[in-house]
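Trainee: Could you take a close look at one part of this model with me, and then walk me through how the chains meet? I'd like it all in one go.

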Amino acid sequence: MMSPALNAVIPVICVVLAGLTCMLAEAFRERGERLPIGGLGIIGLVGAAISSVLLWGRRAESFGVVVADDFGLFVGLVLIIIGILTIAFSSSLIERDKLPQGEYYALVLFAISGMMLMAIATDLVIIFLALEVFSLSIYVLTGLRRESFASTEAAFKYFLLGGFSSAFFLYGIAFMYGIVHSTRLDRIGAAMAAQSGAASPLVLVAMGLLLVGFAFKVSAVPFHMWTPDAYEGAPTIVTGFMSTAVKAAAFAAFARVFLSALEPLRADWVPVVWVLAICTMILGTVVGVAQTNVKRMLAYSSIAHGGYLLVALVAGNSAGKASILFYVLVYAITNLGAFAVIALLGTRDKPVEQLDDYKGLWYSRPIASFMLTVFLLSLGGFPPTAGFVAKWYVFTAAVTAGEYTLAIVGLLTSVVSVFFYLRVVVMMYMSGRVEGEAAPPLPRTALAALVVSVAVLFYLGVLPTRLLNLAASSISTIF
Amino acid sequence: MAIVPMLSLLIALPLVGAVLLLLIRNREGERDRFVHWVALGISIVEFVGTLWLWTGFDPRSADFQFVERVDWIPSFGIQYALGVDGISLFLVVLTGFLTPLALLCSWESVHKKVKEFCFFMLVLESAMIGVFLSLDMFLFYVFWDAMLIPMYFLIGVWGYDRRIYAAVKFILYTMAGSVLMLVAILGLAYTHAVATGGSYSFSYEALLQITVPHHLQFWFFLAFALAFAIKVPLFPFHTWLPDAHVEAPTAGSVILAGVLLKMGTYGLLRFAFPLFPDAAAYFAPYLATLAVIGIVYGALVSMVQPDMKKLVAYSSVSHLGFVVLGLCAMNVQGLQGSVYQMLSHGVSTGGLFLIVGMLSDRRHTRLISEFGGLKHVMPKLVAAFFVITLSSIGLPGLNGFVGEFLILLGAFRWDPRFATVAATGVILSAVYMLWMFQRVNYGDVTNPKNKGLKDLSVRERWVITPIIAMAIVMGVAPSVFLNPMRPAIDRVVARMAEAQPARMVRAAGASQKGVGPIFSKTERTGPTPISHAPFSGR
């Protein structure tokens, strides 16, 4: 039995251990021997999930800087789901693309551990630490295809810009420390609440710097520049992983910092985030329309989805906060699924990334096309998929907060986004049959994971109540 | 709740059937016939189910019947609530009636992916019935949006040359309207919370109980009306319709014209008018103006169409204009006429599309100039064509007459100017329909390709006979349909009679002066937001 001081981080430790095991397994395996290394990762993640469930409702605290409240655990569970799905999708892809297995799984697990830590951290320094842990892992994952020029370039670009944003964030922490003499969120919150009158310029600078750091991580416009390139260059399944997991973790910390510690300064940051939200939704959607590369298209779509989450953040009422959690989960399953299908459809020599590659896919790959269609419809927010409920939840929050403009802009941009999601559907179903060699069937593990994802999307689209209530109750633990 | 959840069964049957269809192995199309028969069987059972609903319906009651109510997302007051009244009953029956015919008419014309075709048709039917039965705004919206997907695939996969363009235009137009409605629905639920002290509700009946402040009525009504006007389609929001109709396969056109367009007018009658009576009364003259323009414009454009399908499509713009005009009159005659015309248009235009589809199956063209003298080669088809043409024109004794007559009567009682202009539409429709009929069927057979055309096959007779029978029944015995509608319509009329459009003028004036009408504090009539509301966390 671990000491109570460590309780809050047990799930994180499980994941770290799993990562280390994967690395060791890779190092100690005989040449040519095939080890189910991904399985080790899944075991670790399941362990983390079990310990998270056991911690549920207990609000375990460690060292005063990490609090495993229900909010953090919820995000942690989302991250664990992302991790399990990623590993399930990856097993065949790694062999196909000849990626180094052990490193791959270890990096994914380390990234998840950093993200989980970020979700439960209640101290700016820990948040920064967690941010760096997962960012570094993801830089490497982005550039994992060393022979590919695009992959290397993407990793380099991501790394450079990510370094800048980290610097901004760190600078913000330093300012905050200078003002409050603490980096703990509760103390910052108390200090901010104690301020009377308008916020001092120094506080605003600190807040602005922190905002830039987060905005970069969630690829909010205008800090989104790295996104399309990094997404396009990374191995497809890694793109799926980073587009969902990074968002989940970053939004968790974003919400925690801004909706608890900086809540007293709401009047100062809301207008800024409001503008960011509008710009993010519009740019992500409008530029998305112009893309012919499906990965880039999904990259811009993911920018737009970040915008919807910002709407929930601005709304800031209890529905808004809860909708962040619900949205993050639904978006994770949907987007990861979409990227997985794209990754699985291609071969090592011929990736299926251009719109034209999807011509008549329905005829040769009916099941894969169907699944991709469900994911795209869910991204577009069609009922009865979970994407609809998620969007509806966010915009309910906006409307009840009186933010009609945000709701209308959000809904109109989602109509426009339907245009580009449907373009893929048009290609698959409506542009005639293309004769070609018979396509290989989907690998069994990946197929199972896809079927589960699709089923969950329909389930949450029709019966979302339980999860909505869970999200609502867990969000109430941090404020 | 009824002992047998009749309405849920009606929604579930086609959906379950559709999923079962998917399980039939038919990779290379070797079991197309079987699949078609199964789908047809399901849709016929569904039709019998809708008729059964009718027999169990109490025609003297104005209330919703067969009501089913289950909490769905309780934290937002969302229910799975279904019910049927005199207005929705026949639209459900109409849906059940047209779907088997649409499936039967695609027997020969759909060759590729038959299983998927039948799947989408059945899913569509399920969603359409759901739209008409929903008594919860959220549920209604779910069905409303869900219905777009099968229709999109039907147009996009099985349509004609420009099908992709038409399908995308269809879905984007409809969605653009409906998302604004979604904002209004959310706003309405919030208004309910404000008015009742914190309980959110999307229930139609609960929302009818609250008084929506005028400045909000103004905007909510606009959002609702826009969504429905696009669907109707009301001039000038009609441009998606000709494309969708022309490019859709015959079955798609039949369903599109027969049922989908009615959702727009049904939405106006069921939601937009009763929920926001003051705004509705205020906007009625504007809507009626657009409707009348649509009547004349649709008729004039129909007259010059070289393509039969496009002609029928534009004639729908004209006919649906009548329906909207009748709604705007807001008296018993107008509303009865509107609902009757919805059904009648479904039957006649469905029939016209079926006939055009049959001709197009034989000749692979729909240009009027390609035909001529068909009565010499295919007398039975032409006879059927003739009856349906007359029913579409509104010949007394057939279905079209009753609706148009009642609408004009209602409109005249309301504002004779609208009735006068609309009446010209009746004349124009006779002109373009008969002219088209004459060019296609009379004279000599000039084009040798038309000489060997086969007359109606047995299957086609099964398709067209029910339509003709329905046209005659609706023409000679309108009271069969009008009586059950009456109580529900009286209820709407009574509600609209309390409307005070004069008060809307002030709200509109306030918005023009630049005073933001949305939740401006001065206009709020209900209590101020309550602090213990579930979402007032700020």
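Mentor: Let's start with the surroundings of A:Ser302: leaving aside residues up to four places away in sequence, A:Ser302 touches A:Tyr231, A:Lys247, A:Tyr331 and A:Asn335. Keep in mind that this is a predicted model. A:Ser302 sits in helix H12 of chain A, which runs over residues 294-315. Its relative accessible area comes out at 0%, and the cut-off for buried is under 20%, so A:Ser302 counts as buried.

Now for the place where the chains meet. Chain B puts 45 residues in contact with 40 residues of chain A. Between them, the two chains bury about 3,900 Å², and 78% of that is on carbon and sulfur atoms. On the chain B side, four elements each supply at least two of the residues touching chain A: strand E1 (65-73), helix H5 (137-146), helix H6 (148-158) and helix H7 (163-196). H7(B) gives the largest share of that side, with 14 residues. Sort the chain B side by class and you get 34 nonpolar, four polar and seven charged residues.

What about salt bridges across the interface of chain B and chain A? The rule finds zero of them. As for polar contacts, the rule picks out four residue pairs across the interface of chain B and chain A, with both residues at pLDDT 80 or more.

Notes: Residues numbered from 1 in each chain as written. Chains lettered and ligands numbered in written order. Predicted model: local features only at pLDDT ≥ 70, side-chain atom pairs only at ≥ 80, totals over all residues. Heavy atoms only, no water. Contact = heavy atoms within 4.5 Å. Buried area = accessible area lost by both parts, 1.4 Å probe. Salt bridge = Lys/Arg side-chain N within 4 Å of Asp/Glu carboxyl O. Polar contact = N/O pair within 3.5 Å; in protein donor to acceptor, adjacent residues only side chain to side chain. Nonpolar A, V, L, I, M, F, W, Y, C, P; charged D, E, K, R; others polar. Buried < 20%, exposed > 50% of the residue type's maximum accessible area, 1.4 Å probe, protein only.
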